[in-house]
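Please look over the model below before reading on. The numbered points take up how its parts meet.

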Amino acid sequence: MPIHPITDPDDDRIADYRALTDVELRTRWEPPHGLFIAEGELVLRRALRAGYPARSYLVDAKRVDQLADLDTGDAPVYAATQDVLQRATGFHVHRGVLASFRRKPLPVAADVLAAARRVVILEDVNNHTNLGAVFRGAAALGIDAVLLSPSCADPLYRRSVRVSMGEVFAVPYAKLEQWPAGLDQVREAGFTVLAMTPAPDAVPIQRLTPAQRERAALLLGAEGPGLTAAAQSASDVRVVIPMRRGVDSLNVAAAAAVTFWELGRDDFA
């Protein structure tokens with residue numbers, strides 16, 4: 001595996017990795033150029049196993065041995081000191097390993113729905129940490145796919161990928177381009193759309209009927225504002241997680257995990 005030393009943080013060969021903490025810049029750069037960044041050895045190996053082609057690797061010069069067993073193919077391996085890495089990326093790369101990957105075409109929602117039994121639908125979830133955590137919970141707790149409203153954050157943004165521990169590569173996802181009209185497509189595919197809300201008149205999650213659980217499409221909104229009135233109106237059932245001690249709601253990723261487990265608990269019976 002040939003190693004290419006990098007001594008200049010402005011070297012054009014590592015342009016993919018520049019200013020990784022600038023969300024606005026990365027949003028303008030990554031999707032249009034068909035790439036995303038994976039951080040950490042575990043995550044990049046999961047990306048490779050999921051079939052994403054590597055464009056290049058950028059590693060701490062002291063950690064090049066971590067990739068010694070990889071077949072890197074035509075993707076160059078660049079190595080630099082921590083100082084150069086930090087100046088190029090904008091943060092301390094404490095995991096020591098980054099990789100740039102080519103994106104794959106997104107499936108259409110109809111194909112994702114056809115292969116799923118349970119799905120989660122996210123409206124306006126723009127916090128990358130929450131988005132990654134939802135994907136990790138979905139992978140662990142029996143959710144087959146994720147559908148995103150047009151204004152949701154990018155699941156392949158570096159922070160989302162990292163927080164998900166690479167599970168964004170394991171759970172199929174697609175966009176519902178028409179919102180909230182796209183929920184009709186979900187319903188027509190045989191799903192019951194369950195809108196999560198802290199409203200006191202909503203159905204407690206544990207009281208859903210077997211029919212409502214059978215092919216559930218769980219609808220979750222952004223941290224703070226929650227679901228819009230239009231999305232709730234387009235759902236079939238409004239659902240609440242009963243709370244104690246006056247707490248009205250949970251973080252969206254925590255609420256998702258609780259509900260994922262509840263919907264799939266009979267799988268472990």
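1. The C-alpha centres of domain 1 and domain 2 are 31 Å apart. The assignment places domain 1 at 3-102 and domain 2 at 109-264 of the protein chain; such bounds come from an automatic or database domain assignment.

2. This is a predicted model: local features need pLDDT of at least 70, side-chain atom pairs count only at pLDDT 80 or more, and totals for chains, interfaces and linings use all residues. Residues are numbered from 1 along each chain as its sequence is written, and side-chain values use heavy atoms, with hydrogens and water left out.

3. The two domains touch. In domain 1, 17 residues are in contact (heavy atoms within 4.5 Å) with eleven residues of domain 2. The area buried between the domains is about 1,300 Å², and carbon and sulfur atoms give 64% of that. Buried area here is the accessible area (1.4 Å probe) that two parts lose on being put together, summed over both.

4. Three salt bridges cross the interface of domain 1 and domain 2. The rule asks for a side-chain nitrogen of Lys or Arg within 4 Å of a carboxyl oxygen of Asp or Glu. On the domain 1 side, α1 (23-33), β2 and α2 each give two or more residues.

5. Helix α2 covers residues 41-49, and V43, L44, R45 and A47 in this helix are buried (under 20% relative accessible area, 1.4 Å probe, protein chains only). Their cover includes β2 (35-39), β3 (54-60), β5 (97-102) and α6 (158-163). Helices (H or I, at least four residues) and strands (E, at least two) are DSSP runs, numbered from the N terminus.

Conventions:
Buried means under 20% relative accessible area, exposed over 50%, partly exposed in between (1.4 Å probe, protein chains only).
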